[in-house]
Amino acid sequence: SQFADEAAKLEDLPFGERMVAGYLLFSRWAELDPAGALAHTREMGRSGFMVRGTVLQSWASSDPAGAAKYYESNPDEFGMMGGFGGRGSSAAGQIAAEWAKQDPDGALAWAQGLDGRDASSAIGSIFRQVAQDDPAKAAGLAAGLSGEERRGAYRSIAREWAQQDWGSAEAWISGLPGEDRDAAMAQAIRGLASNDPVGASQKIANLPDGEDKS
């Protein structure tokens, strides 16, 4: 009830302050009562939709399996969530990223049971998260995948690894199968560009003409 009382005061704040306060308030609420926090967002119109991703992420940080089960039963609540939680994120991606911090194997098993965009977003989020801490571990985990799942994982790893250590990332990519190598290298160059755009521009010439190079 205290959280609900504070949420009612959000509308009295200027927009920028309202958003920051809302994210903080609902993140904490979700740690204690995620279902109650989500229920309240449905009474808040557009403002509630804006903080719904925060509730889901906070829930997943402590109980990813519970958050995943709720999402699978209520996917329409999180439609068009878009940018919450990082580049290319979705609700499934948010859950997967938080789950991967605790149990990468469990997160991957869940992600592989999803379909379409949810699956690709979740798998990408898992490998981005693991690669932030241990790109070599992420590469080993990805080797057990196949097809587009493996290529997507390799792309996520390559981008993160290149930001940390271009030489090691480049050496790893050079040993990938041909169908995976160019796409991974393109993502690695994007990662390198965040730290060394001039160096990244020089690496583009090594890519064959096509979508990856463009």
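**Core and helix packing in a predicted model**

Of the 61 residues in the largest nonpolar core, F26, I95, W110, I126, F127 and W172 touch the most other members. A nonpolar core is a set of buried Ala, Val, Leu, Ile, Met, Phe, Trp, Tyr and Cys residues joined through side-chain atoms within 4.5 Å. This is a predicted model: local features need pLDDT of at least 70, side-chain atom pairs count only at pLDDT 80 or more, and totals for chains, interfaces and linings use all residues. Residues are numbered from 1 along each chain as its sequence is written, and side-chain values use heavy atoms, without hydrogens and water.

Colleague: Which helix gives the most to this core?

Modeller: Helices are DSSP runs (H or I, at least four residues), numbered from the N terminus. The top contributor spans residues 116-133 and gives 7 residues. That is helix 8.

Colleague: Is H40 buried or exposed?

Modeller: Buried means under 20% relative accessible area, exposed over 50%, partly exposed in between (1.4 Å probe, protein chains only). H40 has a relative accessible area of 16%, so H40 is buried.

Colleague: Which residues is H40 in contact with, leaving aside its neighbours within four places in sequence?

Modeller: H40 is found in helix 3 (residues 34-41). Contact means heavy atoms within 4.5 Å. On that basis, the partners are A4, A7, F26 and W29.

Colleague: How far apart are the end C-alpha atoms of helix 12?

Modeller: Helix 12 (residues 178-193) has 16 residues. The expected span is 1.5 Å times one less than the number of residues, so the helix should span 22 Å. The end C-alpha atoms agree with this, at 23 Å apart.

Definitions and conventions: Helices (H or I, at least four residues) and strands (E, at least two) are DSSP runs, numbered from the N terminus.
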